[in-house]
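Please find below a short note on the model under review.

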Amino acid sequence: MTVAPAPAGRWDEPILAVVLPLASAAVFLFLWQAVVTLAGLPEAILPPPLAVLGQFFASLPELLRQARVTVLDSVVAFAIATAVGVALASCFTFSGTLRDAVYPNLVLLQLIPKIALAPLFVVWLGVGAPSRVIFAVFISFFPIVLSTATGLAATDAYALKLCRALGASPWQIFIRVRVPFALSHFFTGLKIATTLVFIGIVVGEFISSNAGLGHYILLAGAGGATSRIFVGLIALSLSGLAFYGAVVAAERLVQRWWWE
Amino acid sequence: MEQGHGVPGRVHGISALTAGAYVSVSKISKVFATRQGAVEALAEVSFGVGEGEFVAILGPSGCGKSTLLMMCGGLETATSGRIAIAGTEVSGPRDSIGIMFQDPTLLPWMTVLDNVLFPIRILRRPLRDHLDRARELLDIAGLGGFELSKPHQLSGGMRQRVAICRALVYDPAILLMDEPFSALDALTRDEMNVALLDIWERNRKTALFVTHSIREAVLLADRVIVMSRRPGTIIEDLRVPFVRPRDFSLGGTPEINGICEHLRSLIGRTQRAPGVST
């Protein structure tokens with residue numbers, strides 16, 4: 001029997017792509033556990049992974065209750081940010097003057113560390129949910145408006161010429177041509193916004209709230225319950241992941257419609 | 001060059017021809033303002049196109065031939081002069097015009113059939129009345145069975161054939177084609193010429209076809225208008241004598257070679273003319 005040369009794409013490559021990062025994470029957790037146990041670090045400084053895991057299951061009902069608050073606020077903020085962002089980006093395509101007046105300022109605003117403005121929103125809107133939600137909208141709508149505006153402006157020049165030759169109205173061009181062309185840019189903006197909206201809500205919860213995962217983490221920190229900080233972080237990460245996953249799933253659906 | 005030989009039926013006396021023509025282009029000039037100053041793209045161009053006539057506009061790149069075509073479609077304005085179609089002055093886009101570009105310009109998220117029907121949607125005409133025509137055009141174009149495919153699943157030539165169907169689906173009186181096959185490889189281009197010839201001979205439309213391929217112009221058109229380098233003027237208006245329906249094997253005959261040679265020498269002369277080097 002002859003030995004065939006190794007094929008270019010090996011069969012185990014896709015599996016390795018999953019296994020390798022999982023393995024490195026497992027090694028990291030194992031080392032963490034080993035170091036904490038061997039060095040005898042107190043749990044208040046650094047709890048070992050297994051203790052965090054135990055704490056996670058023990059606090060699950062409480063975590064779910066807190067996550068519900070954070071996720072709901074995030075969803076509301078995300079919806080508002082999307083609506084405002086898309087509306088503004090759409091206005092830009094209909095009015096060049098408006099775009100020229102506002103767009104450069106948006107790019108400039110995008111550059112300032114908006115997170116530092118959180119206390120301002122408490123001053124304006126009080127300590128309730130509205131101030132947290134509006135703050136999250138404020139920091140997350142920039143990528144949506146910028147990428148959607150880019151997408152709407154990136155419509156194929158020939159397609160626009162074709163529409164003009166047919167005497168299409170600006171509205172017809174917008175709905176039938178610009179919007180479909182803008183979708184991939186739009187989703188890029190949405191994906192960035194999902195992370196930002198969570199940051200906004202949690203920062204808001206740090207500053208003023210009596211519920212939510214941010215509040216939970218803050219309380220745990222104040223009480224020296226370090227494993228509960230980690231547990232809160234895990235819950236926050238899982239919520240964020242689910243949220244991001246939902247947006248990616250929506251994007252996949254749209255891509256299917258585009259290409260299949 | 002053996003100019004007398006194989007160059008039949010020159011069309012001269014342009015102003016007389018323009019008067020009664022279906023498409024009449026009279027004294028069209030176009031000046032573009034650029035940073036380097038005013039650039040004259042077209043200088044008093046006049047010609048007429050009869051109803052149902054296929055006219056190719058041939059010229060070197062940058063001679064303003066595409067600009068001229070876009071003016072006929074109402075997509076560009078002239079600096080001076082007038083274009084009229086069926087006696088009415090062109091002042092903007094109108095639905096009696098079907099248009100094709102170098103790029104097929106298919107919308108990637110739509111099926112082939114939806115792409116062909118796109119003008120019907122824009123023109124807000126009843127879809128149901130045009131469905132049969134769309135299918136029939138696709139059949140003629142050799143795309144039967146591909147109605148539900150997406151553009152990215154088709155070859156370049158197939159996409160441009162979809163574009164032909166789209167330009168014809170609303171039954172426009174005039175077909176404007178702006179170098180529609182210049183992005184295709186030579187073999188596909190020949191194949192597209194045959195397809196266009198076939199489709200056009202079944203739906204005789206007044207057609208204006210901009211190209212920089214001499215052979216393509218001669219094979220397809222009833223008349224070839226040759227334009228000079230910028231500022232574009234008409235330097236030849238030639239009737240192509242071959243009867244229709246045309247056979248593509250015509251391509252190799254001495255008669256056609258004579259015409260092509262004559263046109264080539266004309267274009268060569270404008271390119272070598274002093275003061276127009278680029």
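1. Among contacts in chain B of this predicted model between residues at least 6 apart in sequence, 74% link residues at least 24 apart. Buried residues account for 41% of the 278 residues in this chain. Its secondary structure comprises 8 helices and 10 strands.

2. Chain B contains an open sheet of 6 strands with mixed pairing, in the order β6-β7-β8-β3-β9-β10. Its edge strands are β6 (97–100) and β10 (234–239) of chain B, each of which pairs on one side only. From one strand to the next, the twist averages 15°.

3. Within that order, β3 (residues 54–58) and β9 (residues 223–227) of chain B pair in the parallel sense over 4 bridges. B:Val55 has B:Arg223 in β9(B) as its bridge partner.

4. Helix α5 (residues 156–168) of chain B lies across β6 and β7 (174–178) of chain B, and runs at about 165° to β6(B).

5. In chain A, helix α8 (residues 170–207) packs with helix α9 (residues 213–222) at an angle of about 45°, their axes being 7 Å apart. The angle therefore makes α8(A) oblique to α9(A). The crossing of α8(A) past α9(A) is right-handed.

6. Which residues meet where α8(A) and α9(A) are in contact? From α8(A) they are A:Val202, A:Glu205 and A:Phe206, and from α9(A) they are A:Leu213, A:Gly214, A:His215 and A:Leu218. By class, this contact of α8(A) with α9(A) has 4 nonpolar, 2 polar and 1 charged residues.

Key
Residues are numbered from 1 along each chain as its sequence is written. Chains are lettered from A and ligands numbered from 1 in the order in which they are written. This is a predicted model: local features need pLDDT of at least 70, side-chain atom pairs count only at pLDDT 80 or more; totals for chains, interfaces and linings use all residues. Helices (H or I, at least four residues) and strands (E, at least two) are DSSP runs, numbered from the N terminus. A residue is buried if 20 or more other C-beta atoms lie within 10 Å of its own, exposed if 12 or fewer, and partly exposed in between; C-beta atoms are placed from the backbone. Two residues are in contact if their C-beta atoms, placed from the backbone, lie within 7 Å. Axes are lines fitted to C-alpha atoms, for helices over the stretch in contact, and angles run from 0 to 180 degrees between N-to-C directions. Angles under 35 degrees count as roughly parallel, over 145 as roughly antiparallel, 65 to 115 as roughly perpendicular and the rest as oblique. A crossing is left-handed if the near helix is turned anticlockwise from the far one by less than a right angle, and right-handed if clockwise. Ala, Val, Leu, Ile, Met, Phe, Trp, Tyr, Cys and Pro count as nonpolar, Asp, Glu, Lys and Arg as charged, and the others, Gly among them, as polar. Two strands pair if DSSP finds at least two bridges between them.
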